[in-house]
Amino acid sequence: IAATQPSTNWHLKENAREHHTSKFSSEELIVRRGQAFTITFNGTERPEQNLIFIAETGPKPSKATKTLATFDISSTVSKEGWSAVLQSTSSNSVSISISSPHNAVIGRYRLSVQSGSSSPASLGTFVLLFNPWSSGDDVFMPNKAECEEYVLEEFGIIFAGNKNHISGFGWNFGQFQGDILNICLSILDRSLYYRQDPVTDVSHRHSPRYLGRVLSAMVNANDDQGVVLGNWSGKYEGGKNPSSWTGSGEILQSWKKSGFKPVKYGQCWVFAAVLTTVLRCLGIPTRTITNFSSAHDADGNLRVDEYYDADGNHLEKGADSVWNFHVWNESWFTRNDLGPSYSGWQVLDATPQEQSGGIYQCGPASRYAIKEGEVDLDYDVTFVFAEVNADSMYWNYDSATGKKTLIFSKSTEIGASISTKAVGRDDRVDVTNDYKYEEGSAKERDVFKKARKKLGLEDKFDPTAPKVEEIEQKPDISGKFKVAGSLEVGKDLNLLLVLENLQSDAKTVNVNMTAWSTLYTSRRVNQIWKDSISVTLAPKEEKQFPIKIKYPEYQQQLTTDKTIQVTALCHVEDGIQVLVKRNITLDNPAIDVQVLGEAKVNKEVVVEVAFTNPIDTEVKDCVLQVEGSDLLQGILELRIPPLKASETSSTKFKLIPSEAGSKHLLVNFSCDKFADIKTFKMVKVIN
């Protein structure tokens with residue numbers, strides 16, 4: 001090779017088109033493994049003669065760890081390793097098609113070329129990613145529409161609320177924005193695994209199973225100064241309220257800008273959304289999953305115990321809890337360690353709930369293993385199995401005597417309406433049947449028993465297990481809370497407590513009722529209301545008792561999760577207690593988004609956002625936040641003047657779309673009385 005440094009043409013546009021990497025905005029070549037890419041370089045005297053290429057990655061590249069490959073020009077693509085095939089030559093340049101193996105380590109590679117006995121000359125660097133479009137790859141996804149959604153789509157919908165009242169909000173994953181790929185690669189280089197043994201860590205980066213587990217640890221800040229710091233206190237000083245984020249880009253960029261200090265604050269959907277961004281960016285098909293009435297079984301006995309005092313107050317006793325909803329991830333890849341039937345969707349969870357292998361990481365747990373109760377398989381199948389299957393036990397606890405009495409137990413409460421966004425549509429898809437057999441079916445109970453047996457729970461003496469007679473005793477009355485009217489922040493909350501006498505003799509019932517504002521994790525924050533009534537029910541009689549909680553009563557107490565738990569503990573004379581409870585999630589008032597005119601690539605288009613103040617006092621500190629991949633750069637923040645009662649604000653701003661197709665604009669409006677009113681609008685951009 002001549003003394004001059006060869007200059008390389010990476011054919012960025014053509015290679016990116018072939019490799020489904022066009023959405024990255026990078027001056028560096030980004031390609032997928034197991035597929036050929038073409039480069040042209042000059043500065044070689046007799047180009048086709050004995051050229052040797054060297055591709056290397058990581059701190060100490062070696063052939064043994066598959067982080068170093070040397071290969072010369074051959075006539076065909078190698079089945080096993082790296083290969084180079086000559087495309088064309090001219091007097092001073094040569095075009096080469098380079099292929100990497102299907103199981104190559106992913107990450108940033110240095111490429112150099114050597115001719116004869118001269119020393120190697122650098123051609124530059126490129127980034128190699130997983131390839132779901134290639135049938136030899138562990139992440140191969142045969143359905144092209146699914147590849148588009150789970151790897152290339154930057155917009156998602158995350159489902160929240162509770163099982164009686166499911167809502168969804170938009171999220172901008174933004175995996176192709178600016179510097180996100182580099183940030184994702186630096187996440188890998190900051191993991192505990194890399195710090196302990198960089199050479200071994202990099203050599204494992206061919207495996208989506210390995211990287212999924214590492215990233216489930218790195219997206220939370222526990223153990224490793226990872227990306228997001230969790231906070232479930234209801235107080236978010238010194239950081240952002242978890243419900244105020246609308247996309248992952250801002251979080252990942254803040255992490256890098258601060259010198260890799262954890263970003264404050266996240267809750268489950270933030271961890272899941274950031275993990276989705278990182279995995280999609282690296283080429284692993286990934287989606288967010290919401291599980292309603294999700295169990296956090298801290299002691300691993302597949303049971304969740306909840307305690308109430310005599311007044312019906314939910315007690316913070318024991319480490320178990322049931323969250324209104326919990327969001328985790330599924331990623332698609334093969335499980336060579338377990339066998340073909342366990343391949344496909346794998347559960348990963350970056351929310352720091354319980355340690356696994358000594359650090360806060362969770363998964364990959366094969367979804368098939370979860371459905372079949374194979375709780376002894378790697379990784380963390382027991383924990384996820386409990387999240388969707390645990391039995392719930394409700395106890396009355398007397399703090400004076402320490403006595404606890406079982407009120408009732410239920411095996412069909414946990415793991416409802418498991419949801420994800422549809423492929424190519426903004427709709428909800430229910431995937432509950434992929435996690436478990438139908439509730440109440442014999443097969444579902446068989447799987448539950450099998451899981452208990454594998455965990456050694458079936459014969460062991462369990463001092464907390466209810467004695468048979470406690471369970472056999474049937475309650476004399478039944479009760480439920482019904483919603484009467486709308487569930488909206490700013491309006492009074494109207495409920496009905498419905499009590500029915502199941503017996504053929506009259507019953508006297510003393511009812512203690514409470515309402516608490518809670519976090520979505522069911523953690524109580526403020527008491528809003530309490531009352532007690534004494535009622536007599538004639539034989540088989542049903543009675544309704546209206547309950548009204550006025551907006552001024554709950555307004556100051558409400559958390560930004562907008563959740564209220566109402567309970568009625570019914571003490572039946574000479575009978576067993578009956579617990580009636582309901583979690584209520586209030587909706588924010590609506591905001592209206594209109595695109596005024598046609599949205600065209602590189603042309604200004606005006607958007608109007610309108611909000612009407614629904615309450616009879618002024619709202620102030622109004623802020624509008626807007627983001628959307630391919631519609632605007634970064635995040636637009638607009639301050640809005642105070643709004644008097646019933647007044648409407650109309651705010652206009654301009655977008656300049658950069659790419660054609662169906663894009664999503666995410667809008668978040670906040671003021672002193674309403675936190676994070678979110679909506680999204682699909683914008684069809686034409687050329």
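## The active-site annotation

His326 lies in strand 17; strands (E, at least two residues) and helices (H or I, at least four residues) are DSSP runs, numbered from the N terminus. The model is a predicted one, in which local features need pLDDT of at least 70, side-chain atom pairs count only at pLDDT 80 or more, and totals for chains, interfaces and linings use all residues. Residues are numbered from 1 along each chain as its sequence is written, and side-chain values use heavy atoms, with hydrogens and water left out.

According to the unreviewed UniProt entry, the annotation "active site" covers Cys268, His326 and Asp349; such annotations may be inferred rather than shown by experiment. These residues span 82 residues in sequence, yet no two of their C-alpha atoms are more than 9.9 Å apart, so they gather at one spot. His326 is buried, with a relative accessible area of 0% (buried means under 20%, with a 1.4 Å probe and protein chains only). Beyond residues up to four places away in sequence, His326 touches Cys268 and Asp349, among others (contact means heavy atoms within 4.5 Å). Cys268 belongs to helix 8 (residues 268-282) and is likewise buried, at 0%.

## The binding-site annotation

The unreviewed UniProt entry also gives a "binding site" annotation, covering Asn389, Asp391, Glu439 and Glu444. They span 56 residues in sequence, but no two of their C-alpha atoms are more than 12.1 Å apart, so they gather at one spot.

Asn389 is found in helix 10 (residues 381-389) and is buried, with a relative accessible area of 4%. Leaving aside neighbours within four places in sequence, its contacts include Glu444. Asp391 lies in strand 20 (residues 391-398) and counts as buried at 12% relative accessibility. Among the residues that Asp391 touches are Lys410 and Phe448.

## The largest pocket

The largest pocket holds about 830 Å³ of space. On a 1 Å grid over the protein atoms alone, a pocket is an open set of points where a 1.4 Å probe fits, with protein on both sides within 12 Å along at least five of seven lines; lining residues have an atom within 4 Å of a point. The volume is the space filled by probe spheres set on the points, which are joined across faces, edges and corners.

The pocket is lined by 35 residues, and Phe408, Lys410, Glu413, Leu579 and Lys581 lie nearest its centre. Strand 17 is among the elements that give two or more residues to this lining, while strand 30 gives the most, with six residues.

Terms used:
Buried < 20%, exposed > 50% of the residue type's maximum accessible area, 1.4 Å probe, protein only.
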